[in-house]
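Hi there,

Here is the structure I promised to pass along. Have a look at it first, and then read on for my notes on its charged side chains.

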Amino acid sequence: MIFSGLIASLGFLGSFETHAESNTPKAVDKIEIDKYVGKWYEIAHFPMYFQRKCVSDTTANYSLNADRTIAVLNSCRSKTGETISSAGGGYPQNKGNSMLKVSFLPSGLRWIPFTKGDYWVLRVDSDYRVALIGGPSHKYLWILSRDPNLDAVTYQSYVQTARDYGYDVSKLVRTPQKQ
């Protein structure tokens with residue numbers, strides 16, 4: 001879920017506790033950005049080209065910039081044990097901050113059209129401990145948690161939400177967290 005180009009698609013804003021009634025992904029109406037920022041552990045993801053070198057310990061750190069955009073720092077561990085990081089930015093697309101466009105291009109190039117990926121918060125618990133991130137295309141999906149491990153019942157609940165939104169959850173890959 002992380003790295004160059006869209007990694008950011010990882011988790012942002014919203015509170016949503018019920019399953020969707022259609023197969024069209026829908027972002028939560030709003031998230032409390034001050035509760036959303038901070039460190040998240042990737043629990044599971046759809047395999048993505050930009051994460052091809054990541055084998056474990058994938059995290060996303062979000063912080064709020066003065067202009068209300070989101071600073072994103074994604075990190076993971078490679079096969080050789082090296083830590084790989086990618087810095088990006090998230091740009092709110094709705095008043096509720098639950099729909100972002102993210103870019104991992106150098107900051108001076110982020111204005112280029114069609115270089116940002118969708119980062120929609122599809123579900124987040126009321127305590128901002130677990131989040132489901134995706135977008136309208138069904139190409140990207142992440143389950144994030146504030147803790148490196150997530151209990152099976154909660155995990156399956158978030159997988160079911162993704163399934164309800166039409167995601168092919170058979171493509172989900174669990175992310176080893178050795179922290």
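R129 is partly exposed, with a relative accessible area of 35%; buried here means under 20% relative accessible area, exposed over 50%, and partly exposed in between, using a 1.4 Å probe and protein chains only. Please keep in mind that this is a predicted model, where local features need pLDDT of at least 70, side-chain atom pairs count only at pLDDT 80 or more, and totals for chains, interfaces and linings use all residues. Residues are numbered from 1 along each chain as its sequence is written, and side-chain values use heavy atoms, with hydrogens and water left out.

R129 pairs with D147 in a salt bridge, their closest N and O atoms being 3.0 Å apart (a side-chain nitrogen of Lys or Arg within 4 Å of a carboxyl oxygen of Asp or Glu). Because D147 sits in the loop between β8 (142-145) and α2 (152-164) and R129 in the loop between β6 (117-124) and β7 (130-134), the pair ties together parts 18 residues apart in sequence. Helices (H or I, at least four residues) and strands (E, at least two) are DSSP runs, numbered from the N terminus. D147 is partly exposed, at 36% relative accessibility.

Another one joins R77 and D57, at 3.3 Å from N to O. R77 lies in strand β3 (residues 70-77) and D57 in strand β2 (residues 56-64), so this pair links parts 20 residues apart in sequence. D57 counts as buried at 8% relative accessibility, whereas R77 is partly exposed at 30%.

Best wishes
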